[in-house]
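Trainee: I would like to go through this structure one question at a time. Please end each reply on the value or name I ask for.

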Amino acid sequence: MFLSTEHQQVADMTRRFADQVIRPEAERLDREEAFAGEIYQQMAQNGLFGITVPEAYGGAGLDCLAYSIVMEELSRGYASVADQCGLVELFGTMLCKYGTEAQKAQWIGPLIRAELRGAYCITEAGAGSDVSGIKTTATKDGGGWKLTGSKLWIHNAPVADVAFVLARTDPQAGKRGMSIFIVDCNKAGVTRGPKEHKLGQRSSQVGELNFDNVAVPADGLLGVEGRGFHMMMSVLEKGRVGIGALAVGIIQAALEASIAQAKLRQQFGHAIAEFQAIQFLLADMAKDAEAARLLVRSAAMKMDAGLDAAMAASMAKCFAGDAAVAQASNAVQIFGGSGFIRGYEVERLYRDAKITQIYEGTNQIQRVIIARKLLE
Amino acid sequence: MKILVPVKRVVDYNVKVRVKTDGSDVDIASAKMSMNPFDEIAIEEAVRLKEAGVASEVIAVSAGVAACQDTLRTALALGADRAILIETEVEMQPLSVAKLLAAICAKELPQLVLCGKQAIDDDASQTGQMLAALMHWPQATFASKVAVGEGARQALVTREVDGGQETVDVLLPAVVTTDLRLNEPRYATLPNIMKAKRKQLDRVTPDELGVDITPRLKTLKVAEPPKRAAGVKVADVAELVEKLKSAGVIA
Ligand SMILES: Cc1cc2nc3c(=O)[nH]c(=O)nc-3n(C[C@H](O)[C@H](O)[C@H](O)COP(=O)(O)OP(=O)(O)OC[C@H]3O[C@@H](n4cnc5c(N)ncnc54)[C@H](O)[C@@H]3O)c2cc1C
C-alpha cells in the first residue's frame with residue numbers, strides 16, 4: 001500500500017528498531033519466558049508507546065493507521081513486544097477519552113514512559129467471551145469504593161503497578177451496572193497468582209490478579225459510574241486493529257524466513273524454491289499477508305475518518321488471526337523438520353500465532369459481530 | 001555556529017539492485033529509497049554538536065527530484081532545524097552537487113559543512129572534496145572524531161587513514177566528511193517525526209542559484225559484477241595446500 005511520507009517514516013523507523021533491538025532478543029525472551037523490560041525502556045525513549053495519544057499528554061500524536069503500522073513492524077520483530085505496545089495504547093486511549101485531567105496527568109505519562117506497568121482486567125474464570133458474566137464487585141465505602149473479585153489471564157498481572165478493572169457497581173443493572181476502576185496494585189488486598197506458562201508469546205507475563213476488599217479512592221473511578229462495559233467495548237475496535245496488525249507482522253516474519261530458507265535449502269539437486277509446491281505456499285503466504293494488511297489498514301483509516309469501524313475491525317482481526325495461524329503453519333512446512341525444532345524462528349511464530357485467534361475477542365465472537373452487522 | 005549537512009536520497013542499503021536490460025543504468029524504478037547512511041552519521045554529528053551547545057543551527061540540504069523532500073523530512077525528524085531542497089530532474093553528478101552546495105554556502109555562511117564521505121549508490125567520494133575546493137576551505141575527510149574548538153574558529157578532526165588514525169587541525173569554515181565510526185545515529189522517534197512535519201522546508205532551483213548543472217560525464221555502460229563460481233569444501237589442510245598448488249596459487 002502506498003503510504004504518506006510520515007507513515008513511511010514511521011514504518012522505516014519501527015522496522016529498523018525491531019531489526020536491531022527486538023528481533024535479536026526474541027528467541028531468548030521466548031525460551032526464558034522473560035519480561036522484555038529493557039526493550040520497553042528503549043521503546044519509551046523512542047516514542048513507541050502511546051502512538052495515538054496526543055503530544056500534549058506525552059504521546060506521539062499519530063493516527064490509528066500509524067498505530068497499525070507500528071504494531072505490524074514491532075510484531076515482525078516479536079509479537080510479545082508488540083502486545084505491550086497494544087496494551088499501553090488501550091490505557092492511553094481510555095484515559096484520553098474518559099479520564100479527568102488529574103487522572104490523565106497522573107497515569108498517561110508514566111505508562112507511556114514505561115515507568116509504570118499496567119494491566120487491563122476484564123476476564124474472569126466464569127466470564128470470557130461473555131463479559132456480562134463478571135462477578136468482581138465494587139461497593140461504595142465512605143467517599144470511595146471497596147473492590148473484590150478475581151481476574152484471570154491478565155497480561156502484565158505478575159509485574160503490574162496499576163490495574164484497570166471492570167467491576168459491577170450495580171448488580172441489578174446488568175451491562176449498565178459496570179464501572180472501571182484504576183487500582184494501585186501495591187494496595188493492601190491486591191494479590192497475584194503465579195505467571196502462567198504459555199504455548200506462545202511467552203515473554204508476555206500473564207496471570208491472575210485478585211482483589212480482596214481493596215480500598216479504591218473516589219478518584220479511582222474512571223469515567224461515569226455504570227458506563228464501564230460500554231467504555232471497555234469502545235476501545236476494543238482499536239484493540240482489534242492492533243491485534244490484526246500484530247498477526248500481519250507474524251505472517252510477514254514467516255514469509256521472509258520462508259523465502260530465505262527456500263532459496264537456501266537444497267534437495268534433489270535443487271533449491272526447494274524451485275519446486276512449484278513450495279512456490280505456491282510462498283505465493284499464498286504473501287497474498288494473505290497483503291490481504292490482511294489491507295483489511296487492518298482499511299479499518300484503521302475508517303477509525304481515523306471517524307466512521308463506524310466495528311465490522312471492519314472485526315473482519316481485520318479475524319482474517320489476520322486465521323491467516324497468521326495458517327501461514328505460520330505453512331512456514332513450518334517449508335522448513336520441514338527444522339521448523340519443528342526450538343531455536344528456529346518459524347517454530348516460535350507458529351506458537352505465537354495461535355493466541356491471535358483467541359484474545360481481544362475470539363475469532364468466533366468476531367464472526368458473531370460481523371454477522372450481527374450483516375443481519376441488522 | 002551554523003552547520004550545513006548535505007543529504008542524498010539513495011537506494012536503500014537492503015535493496016539488491018539490478019542492471020537495466022539495456023545496460024544504461026541500474027533499475028531503481030520500484031526500489032525503496034532512503035537517506036545515504038554516511039549522511040545519517042553527518043546529521044547525527046551535527047545534532048550532537050547542537051545538543052552540546054557548540055552549534056546554533058543545523059540545516060539539511062538535498063539536491064535532486066521532488067521526492068528528495070522525504071529524505072529531508074527524515075533529516076528534520078533526526079533533529080535538523082530546517083531544510084533546503086534544490087529541486088531538479090537533471091541527473092546529478094558530484095561536481096554539479098558541489099557547485100549547488102557552494103551556492104548555498106555563499107548564502108547561508110555555515111561554519112561547518114558535515115557530509116558523508118561517499119554515497120552508497122555511486123561510491124564516488126568526490127562531492128565534499130570538490131565543495132572544499134570551490135569554497136577555498138580546508139577539508140578533513142573520513143572523520144571518526146570531530147572536536148570543535150573554542151569560539152568555533154578551528155576544529156580537531158581525527159581521520160581514518162590506511163595506517164590507522166590521523167588528527168588534523170582545520171580552520172573553520174571547513175568541510176568534514178564522515179566515516180562509519182564517527183557515531184551511531186539515533187532513531188527518528190515518533191514524536192520527532194510528527195514535529196518534523198512542522199519544520200521549515202524551502203525549495204530552490206539550480207537556475208535560481210545561478211548554477212549550471214549540465215552533466216559533464218557520460219555513463220557508457222553499467223554491468224553486473226561477474227557471478228562468483230561455487231567453491232569446494234576441503235577435508236583438511238593437506239588437501240587445501242594440494243589444491244592451491246595445483247591451481248598455481250602457491251609453489
Ligand atoms: C495469553 C492471554 C492473554 C490474555 N490477556 C488478557 C488481558 O490482558 N485482559 C483480559 O481481560 N483478558 C485477557 N485474556 C483473556 C482472553 O481475552 C479470553 O481468553 C478470551 O476472551 C476468550 O475467553 P475464554 O478463554 O473464557 O473462552 P470462552 O469464552 O469460554 O470460549 C470458548 C470457546 O467458545 C467459543 N464461544 C464462546 N461464545 C461463543 C458464541 N456466542 N458463539 C460462538 N462461539 C462462542 C469461543 O470462541 C471459544 O472457541 C488473555 C488470554 C490469554 C490466553
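Trainee: How many of the 15 residues of H1(B) are buried?
Mentor: This is a predicted model, in which local features need pLDDT of at least 70 and side-chain atom pairs count only at pLDDT 80 or more, while totals for chains, interfaces and linings use all residues. Residues are numbered from 1 along each chain as its sequence is written, chains are lettered from A and ligands numbered from 1 in the order in which they are written, and side-chain values use heavy atoms, leaving out hydrogens and water. Buried means under 20% relative accessible area, exposed over 50%, and partly exposed in between (1.4 Å probe, protein chains only). H1(B) is mostly covered, and its buried residues number 11.

Trainee: What distance separates the end C-alpha atoms of helix H1 of chain B?
Mentor: Helices (H or I, at least four residues) and strands (E, at least two) are DSSP runs, numbered from the N terminus. The expected span of a helix is 1.5 Å times one less than its number of residues. For the 15 residues of this helix, 37–51, that should give 21 Å, and the computed distance agrees at 21 Å.

Trainee: Is Pro37(B) buried or partly exposed?
Mentor: Pro37(B) lies in helix H1 of chain B. Its relative accessibility is 25%, so Pro37(B) counts as partly exposed.

Trainee: Which helices of chain A do the buried residues of H8(A) pack against?
Mentor: Helix H8 covers residues 276–304 of chain A and reaches 41 Å from its first C-alpha to its last, close to the expected 42 Å. Its buried residues include Leu282(A), Met285(A) and Val296(A). Taking contact as heavy atoms within 4.5 Å, the buried residues pack against H3 (64–77), H7 (236–264) and H9 (310–335).

Trainee: Which residues are in contact with Ser258(A), leaving aside its neighbours within four places in sequence?
Mentor: Ser258(A) is placed in helix H7 of chain A. With 0% relative accessibility, Ser258(A) counts as buried. Its contacts beyond those neighbours are Leu282(A), Met285(A), Ala331(A), Ile334(A) and Phe335(A).

Trainee: What area is buried between chain A and chain B?
Mentor: Chain A gives 22 residues to the contact and chain B gives 15. Buried area is the accessible area (1.4 Å probe) that two parts lose on being put together, summed over both. Carbon and sulfur atoms give 55% of it, and the total is about 1,600 Å².

Trainee: Which residues of chain A lose the most area to chain B?
Mentor: Together they account for 33% of what that side buries, and they are Gln9(A), Arg16(A) and Glu55(A).

Trainee: Which part of chain A gives the largest share of the side that touches chain B?
Mentor: The count between the two chains is four salt bridges. The largest share of the chain A side is 11 residues, and they come from helix H1 (residues 5–32).

Trainee: Where does Lys197(B), the salt-bridge partner of Glu6(A), lie?
Mentor: The closest N and O atoms of Glu6(A) and Lys197(B) are 2.8 Å apart. Glu6(A) lies in helix H1 of chain A, so the pair joins two chains. Glu6(A) is buried at 14% relative accessible area, whereas Lys197(B) is partly exposed at 43%. Lys197(B) is in the loop between helix H5 (190–196) and strand S13 (201–204) of chain B.

Trainee: How many residues apart are Asp30(A) and Arg202(A)?
Mentor: Their side chains meet in a salt bridge (3.5 Å, N to O). Asp30(A) is in helix H1 of chain A and Arg202(A) in the loop between strand S6 (190–192) and strand S7 (206–216), a separation of 172 residues.

Trainee: In which helix do Glu101(A) and Lys104(A) lie?
Mentor: The two side chains form a salt bridge (3.2 Å, N to O). An α-helix has 3.6 residues a turn, so residues three or four places apart point the same way. Glu101(A) and Lys104(A) are three residues apart, about one turn, and both lie in helix H5 (residues 101–112) of chain A.
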